[in-house]
Amino acid sequence: DTITISTATEQTILSLNNGSWFIGDDNYVATKTDVDSMIKAIKEIKVLDKVGRVGSAQDEKYNLTDEKARTVTAVKAGKEIAVIRIGKTTSTNAQTYACVNGKNDIYLLSGNLVSTFSKSAAELEVLEKAKQEVINIYKG
């Protein structure tokens with residue numbers, strides 16, 4: 001199982017192995033609370049409204065251009081189960097503009113997916129590195 005988060009400039013791949021989520025080729029475990037939030041957001045996508053179509057001026061308006069969007073791809077048992085192209089949030093930060101599963105429709109989704117999927121690989125592994133360092137000190 002994998003979760004891939006891609007932007008115009010970087011890609012973060014989280015992979016499930018023996019019950020833990022690992023970041024890229026590093027042997028660092030991703031922070032469990034962050035991965036749990038991502039999984040919940042993918043499983044519980046709630047469409048509030050259809051607001052437009054891709055390929056118009058609305059791409060720029062909702063930050064769904066290649067330069068600004070963030071694409072999340074979830075794979076389970078070798079099968080792609082979700083692709084979410086995340087744009088910007090609303091002014092209240094409680095909803096997100098996005099395209100889902102390759103469709104050309106732009107939807108307003110419940111929740112702040114920008115916040116959920118915006119952490120870099122370094123941010124996702126920082127807590128786990130710190131915990132491992134504490135464990136190593138006590139083993140010491």
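Modeller: This is a predicted model. Start with the elements around the largest pocket. Three of them, β1 (2–6), α1 (32–43) and β5 (70–76), each supply at least two residues of its lining. The space in this pocket comes to about 200 Å³. Now find the residues themselves. Asp-1, Thr-2 and Ile-3 are in the lining, and so are Leu-16 and Trp-21. Ile-39, Ile-42 and Lys-43 line the pocket too. Ala-74, Val-75, Lys-76 and Ile-81 complete the list. By class, that makes eight nonpolar residues, one polar and three charged.

Next comes the second largest pocket. Its volume is about 160 Å³. Here α1 gives the largest share of the lining, three residues. Ser-37, Lys-40 and Ala-41 belong to this lining, as do Glu-44, Ile-45 and Lys-46. Besides α1, the elements giving two or more residues are β8 (105–110) and α3 (113–116). The classes here are four nonpolar, five polar and three charged.

The largest cavity holds about 40 Å³. Ile-5, Thr-7, Glu-10 and Thr-12 line it, together with Arg-70. Ser-118, Lys-119 and Ser-120 are also in that lining. One of the cavity's lining residues is nonpolar, four are polar and three are charged.

Key. Residues are numbered from 1 along each chain as its sequence is written. This is a predicted model: local features need pLDDT of at least 70, side-chain atom pairs count only at pLDDT 80 or more; totals for chains, interfaces and linings use all residues. Side-chain values use heavy atoms; hydrogens and water are left out. On a 1 Å grid over the protein atoms alone, a cavity is a set of points where a 1.4 Å probe fits but cannot get out, and a pocket is an open set with protein on both sides within 12 Å along at least five of seven lines; lining residues have an atom within 4 Å of a point. Grid points are joined across faces, edges and corners, and a volume is the space filled by probe spheres set on the points. Helices (H or I, at least four residues) and strands (E, at least two) are DSSP runs, numbered from the N terminus. Ala, Val, Leu, Ile, Met, Phe, Trp, Tyr, Cys and Pro count as nonpolar, Asp, Glu, Lys and Arg as charged, and the others, Gly among them, as polar.
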